[in-house]
Amino acid sequence: MNRAMVLFVLLLVACAPTPSFDERAQPSTPVVQLAAFQAQVNATPTPIPDNLIDAADAEYLLLSNIYERVNPSVVNLDVTVETTVGRFNDQASGSGFVYDEQGHIITNAHVVSDAREIRVTFYDGVLVTAEVVGVDVFSDLAVVRVDTDRSRLLPVVFGDSDTVRVGQRAIAIGNPFGLASSMTVGIVSGLGRQLPSAELLNSALSGFENPSIIQVDAEINPGNSGGPLLNSRGQVIGVNTAIRTESGVFQGVGFAVPARTVLRVIPELIERGRVEYSWLGISTIPAANGFSVAGLAADLSLPVSAGVLVENITPNSPAAEAGLRGGSRMVDVRGRTICAGGDIIVAINGQYVRSMDELVAYLIANTRPDETVTMLIVRGDETFDVPVTLRARPNSSVGLPACGAS
């Protein structure tokens with residue numbers, strides 16, 4: 001298009017008549033219809049169908065049902081403790097739950113430690129006194145007993161903590177800060193953690209850590225200790241025992257002793273008032289920060305990538321008597337000096353173990369002192385079975401020899 005033609009088109013547009021006010025003001029929709037439309041927009045919406053509401057509330061219905069079924073089994077413990085000056089006016093509190101119809105109640109060892117008097121309050125407000133039956137510092141578990149009407153004693157149902165997986169629902173019921181019968185919900189956020197329970201109670205029995213601890217993000221605060229950790233079926237999969245915090249309140253990480261350990265410990269506490277654990281008598285390199293067998297395999301030219309690398313053997317221990325060997329030379333690995341060259345335990349009684357935690361967990365749950373177990377050992381290029389007769393753990397820490405002396 002040439003300039004003359006463009007100028008002609010512009011002149012035509014400029015000369016076009018402008019619409020009158022009346023023409024522009026004509027509505028395209030009658031006023032009656034516009035009012036009806038506005039009324040429809042402002043109207044209250046009709047309720048959502050019940051089937052959609054039920055589907056949306058299914059999880060909350062589940063939680064409410066679990067609470068109503070399990071809460072009658074959960075109790076509050078108020079404990080009067082003896083102080084260092086011989087007075088009995090210090091108070092502590094925690095949670096617990098009914099184990100059987102004989103009045104046995106499970107709680108944490110640190111809740112009833114040094115207890116002078118224990119008062120148990122049931123969900124219906126009834127208060128009774130309790131006596132300590134047994135305390136196990138290692139697992140941080142304890143049993144107390146009450147004498148009350150049997151109809152009030154509603155035992156919990158235990159689940160299989162070995163089947164728990166990260167991401168599954170975790171439900172805690174307890175009495176945080178004295179607020180009775182409180183429920184919190186989260187997920188299982190970790191498995192196979194370790195807790196130095198003995199150190200939590202300032203025990204002289206150090207060096208042994210409670211394995212297979214369940215980590216959760218459900219809120220566990222002071223007062224929740226000793227309460228049940230539940231799965232989606234309302235079954236107990238653990239006992240809430242500790243939180244990791246610098247402020248004294250929940251900061252996203254809580255811990256529970258697994259049901260497998262509970263069912264191992266509680267019957268023995270009821271029968272004998274104490275628990276004996278199998279003892280092997282070895283030490284290994286802490287697996288944190290890449291010093292597991294898998295993390296050391298390349299640096300030490302290990303023939304396997306999983307198991308327990310024995311660093312030291314306690315003299316006169318079951319491991320020493322069975323002929324297991326500890327490390328023989330000091331080696332610097334990534335700025336850390338370790339004792340290398342020892343046996344690698346890869347299985348016990350036919351069950352493979354990837355770490356010291358798994359080995360200790362197996363010993364706790366499946367063996368008793370004086371039993372003989374068979375360990376699969378890797379030594380250099382050889383693999384062989386070694387029978388080991390276990391003994392009860394010593395009452396105090398046992399010193400370890402220098403590298404190469406075992």
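The model is predicted, so local features need pLDDT of at least 70 and side-chain atom pairs count only at pLDDT 80 or more, while totals for chains, interfaces and linings use all residues. Residues are numbered from 1 along each chain as its sequence is written, and side-chain values use heavy atoms, with hydrogens and water left out.

**Overall fold**

- The protein chain has eleven helices and 22 strands. Helices (H or I, at least four residues) and strands (E, at least two) are DSSP runs, numbered from the N terminus.
- The chain holds 406 residues, and 42% of them are buried. Buried means under 20% relative accessible area, exposed means over 50%, and partly exposed lies in between (1.4 Å probe, protein chains only).
- Take the contacts in the chain with a separation of 6 or more: 64% of them join residues 24 or more positions apart. A contact means heavy atoms within 4.5 Å.

**Nonpolar cores**

- In soluble globular proteins, nonpolar side chains tend to be buried together.
- A nonpolar core is a set of buried Ala, Val, Leu, Ile, Met, Phe, Trp, Tyr and Cys residues joined through side-chain atoms within 4.5 Å.
- The largest core here has 30 residues. Those with the most contacts inside it are Phe 97, Ile 106, Leu 141, Phe 158, Leu 230, Val 262 and Ile 266.
- Several elements give two or more residues to this core, including α5 (58–70), β6 (141–146), β11 (236–243) and α8 (259–272). The largest share, five residues, comes from α8.
- Another core, of 19 residues, lies apart from the largest one. Among its members are Ile 348, Tyr 362, Val 373 and Leu 390.

- Phe 158 is in contact with Phe 97, Tyr 99, Ile 106, Gln 235, Val 236, Ala 259, Val 262 and Leu 263, leaving aside its neighbours within four places in sequence.
- Leu 230 lies in strand β10 (residues 228–230). Leu 230 is buried, with a relative accessible area of 0%.
- Leu 230 and Ala 170 are 60 residues apart in sequence, yet their C-alpha atoms are 5.9 Å apart in space. With neighbours within four places in sequence left aside, the contacts of Leu 230 include Ile 66, Val 70, Ala 170 and Ile 237.

- His 104 sits in strand β3 (residues 104–108). His 104 has a relative accessible area of 11%, so this residue counts as buried.
- The side chains of His 104 and Asp 100 are joined by a polar contact of 2.9 Å. A polar contact is a pair of N or O atoms within 3.5 Å; within protein, one must be able to donate a hydrogen and the other to accept it, and residues adjacent in sequence count only if both atoms are side-chain atoms.
- Val 98 belongs to strand β2 (residues 90–98). Val 98 is buried, at 0% relative accessible area.
- Not counting residues up to four places away in sequence, Val 98 touches His 104, Phe 122 and Leu 153, among others.
- From Val 98 to Val 144 is 46 residues in sequence and 9.8 Å in space, C-alpha to C-alpha.

**Loop residues**

- Ser 301 lies in the loop between α9 (293–300) and β15 (308–313). Its phi is near 55°, a positive value in a residue other than glycine. Ser 301 is exposed, with a relative accessible area of 63%.
- Asn 316 is in the loop between β15 and α10 (318–322). Phi of Asn 316 is near 60°, a positive value in a residue other than glycine. Asn 316 is exposed, at 62% relative accessibility.
- Thr 314 is found in the loop between β15 and α10. Thr 314 counts as buried, at 4% relative accessibility.
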